[in-house]
Amino acid sequence: MEKKIQAPFKKEELVSLKAGDYVYITGTIYSARDAAHKRMYESMLKGEKIPLELKDNVIYYLGPTPAKEGQVIGSAGPTTSSRMDKYTPLLLEHGLNGMIGKGKRSREVIDSIVKNKAVYFAAVGGAGALLSKCIRKSEVIAYEDLGTEAVRRMEVENFPVIVVIDSEGNNLYETAVEEFKNSQK
Amino acid sequence: MRTIHTDEIIKNVREMCIEANLHLSGDMEEAIRTAKETETGQLGRQILGQLCENMEIAKIDEIPICQDTGMAIFFVKIGQDLHIEGMNLTDAINEGVRQGYTDGYLRKSVVGDPLLRENTKDNTPAIIHYDIVPGDRLELLIAPKGFGSENMSRIFMLKPADGEEGVKEAVLQAVSDAGPNACPPVVVGVGIGGDFEKAAIMAKKALTRNVKEGSPLPHIRRMEQELLEKINQTGIGPGGLGGRTTALAVNIETYATHIAGLPVAVNMCCHVNRHVSRII
């Protein structure tokens, strides 16, 4: 089903998103990938403040190419989510509501998504030029020294994603492949 | 003896880095467009549509096809009668990469030490495979390689008794384990034979072969076709969200091996299978 959602969003809104839904996100999201996750995680374990508010927010696993003059951002597709699995449950415990990436998640992450009522979206891997067109504003807000891995606050408009793991733990990567195989029999 | 200066090499490498990241080769582009027409999975078709649109935007607006503009991998053939003057050839190639990735607004994705992990900020060093060949030309082939798919690559040291069936099982296992992570539809590069590292290098080289051309060896070409068919029956599909287009091609390279061994390397590549070659 096609849906539109405004980010950040509340738990009450995200529970209506179901695995397989094609969703257009408009609003504010944040980019963070490997190195930023490691830093945030280590800060949180020490009880230090991190540079972005996790509650209700969405993190996009992204490290873009540099923007040319006149561009908001360079190529901006998703990176593989499983590398963030180690850090994700702690972020979800602190109120993170959504993640955008690509590829499988660990059992621990899926359990934490269900426990904390969150949602995992996939964007199309390798469509970075197309996805960059949906990003209207982008600003590095922390960890600038990490270059492409810095944390960015981004305004997106109709950013296309697919719900892969919903707040009940339904996993489209498992069901879609089975369904397709059965439809071929 | 023919002489070329490394300034010319730097200039060519610079241009090749940029070109490879903005344009897919004609065979790759055609394979993706054809897949969009033949895909029967609903989400799969939608995703292939996005990939076609993405290629157009990349070309027109000169935005890299994928944000992972890769580590710069080179296959270099040096004619033994060629004289190269100027700087060290490896330094020249790295200088070309430095200029290409900086001037072309490509992502710097290389860390200098695998454990300390500090970004080198210019995407160097490149990984360069040299080959000495007859003649007086220099052939440069660049294949910028993204790591979403690289991380899903595998090497299997099989026993001779495992034979062709063992090889097929290994390839299918690698593709199935990769699932959505390698950004399907993928191109599967396979190296069979040689030793541990030779198999891996062949698997990478296989990715640079035209996806419409099979192996010149009849028994290998048969295996490529059979594997492609089996992979496309897994249902993984574009983006791993169901469909028949899981792979666009299986390219296999082979080499002599030891009486005791059957090495098999599987180098996965996403649909952004980039490569550009030039002869100087």
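This note goes through a predicted model with chains A and B point by point.

1. Conventions. Residues are numbered from 1 along each chain as its sequence is written, while chains are lettered from A and ligands numbered from 1 in the order in which they are written. Because the model is predicted, local features need pLDDT of at least 70 and side-chain atom pairs count only at pLDDT 80 or more, whereas totals for chains, interfaces and linings use all residues.

2. Make-up of chain A. Chain A holds 6 helices and 7 strands. Both kinds of element are DSSP runs numbered from the N terminus: helices are H or I with at least four residues, strands are E with at least two. Read from the N terminus, the order is β-α-β-α-β-α-β-α-β-α-β-β-α.

3. Overall dimensions of chain A. The C-alpha trace spans about 50 × 40 × 25 Å along its principal axes. The radius of gyration is 16 Å, which agrees with the value near 16 Å for a compact globule of 185 residues. That radius is taken over C-alpha atoms, and the globule rule is 2.2 Å times the number of residues to the power 0.38.

4. Of the 185 residues, 48% count as buried. A residue is buried if 20 or more other C-beta atoms lie within 10 Å of its own, exposed if 12 or fewer, and partly exposed in between, with C-beta atoms placed from the backbone. Two residues are in contact if their C-beta atoms, placed from the backbone, lie within 7 Å. Among contacts between residues at least 6 apart in sequence, 61% join residues at least 24 apart.

5. Helix 4 of chain A. Which residues of this helix (residues 107-116) are buried? They are Val109(A), Ser112(A) and Ile113(A). These residues lie on the same side of helix 4 of chain A, because they cover an arc of only 105° around the axis; the arc is that of the directions from the helix axis to the C-beta atoms. As background, an α-helix has 3.6 residues a turn, so residues three or four places apart point the same way. Arg107(A) and Glu108(A) are exposed on the other side of helix 4. The cover over the buried residues includes helix 3 (88-93), strand 5 (119-122) and strand 7 of chain A. Lys117(A) follows the helix and has a positive phi, near 55°.

6. Cis peptide bonds. One joins Ala7(A) and Pro8(A), with omega about 0°. Pro8(A) is in the loop between strand 1 (2-7) and helix 1 (11-14) of chain A. Another runs from Pro184(B) to Pro185(B), with omega near 10°. Pro185(B) sits in the loop between helix 6 (163-178) and strand 7 (186-194) of chain B.

7. Positive phi in loops. Tyr143(A), which is not a glycine, has a positive phi near 55°. Its loop lies between strand 6 (135-142) and strand 7 (151-165) of chain A. Asn123(B), also not a glycine, has a positive phi of about 65°, in the loop between helix 4 (89-103) and strand 4 (127-133) of chain B. Are these residues buried or partly exposed? Tyr143(A) is partly exposed, with 17 other C-beta atoms within 10 Å. Asn123(B) counts as buried, with 24 C-beta neighbours inside 10 Å.

8. A sheet in chain B. Here 4 strands form an open sheet in the order 6-9-7-8, with mixed pairing; two strands pair if DSSP finds at least two bridges between them. Strand 6 (154-158) and strand 8 (247-257) are the edge strands, each pairing on one side only. Strands 7 and 8 of chain B pair in the parallel sense over 9 bridges, and Ile192(B) stands opposite Thr254(B) in strand 8. Helix 6 of chain B lies across strands 6, 7, 8 and 9 (262-269), at about 30° to strand 9. Such angles run from 0 to 180 degrees between N-to-C directions, and the axes are lines fitted to C-alpha atoms, for helices over the stretch in contact.

9. Where the chains touch. The contact takes 35 residues from chain A and 39 residues from chain B. On the chain A side, helix 6 (172-183) and helix 5 (128-132) are the elements that give two or more residues. Helix 6 of chain A gives the most, with 7 residues.

10. Ile63(B). This residue is in the loop between helix 3 (42-61) and strand 2 (71-79) of chain B. Ile63(B) is buried, with 28 other C-beta atoms within 10 Å. Leaving out residues up to four places away in sequence, Ile63(B) touches residues of chain A, including Gly74(A) and Ala129(A), and also Ile57(B) and Ala58(B).
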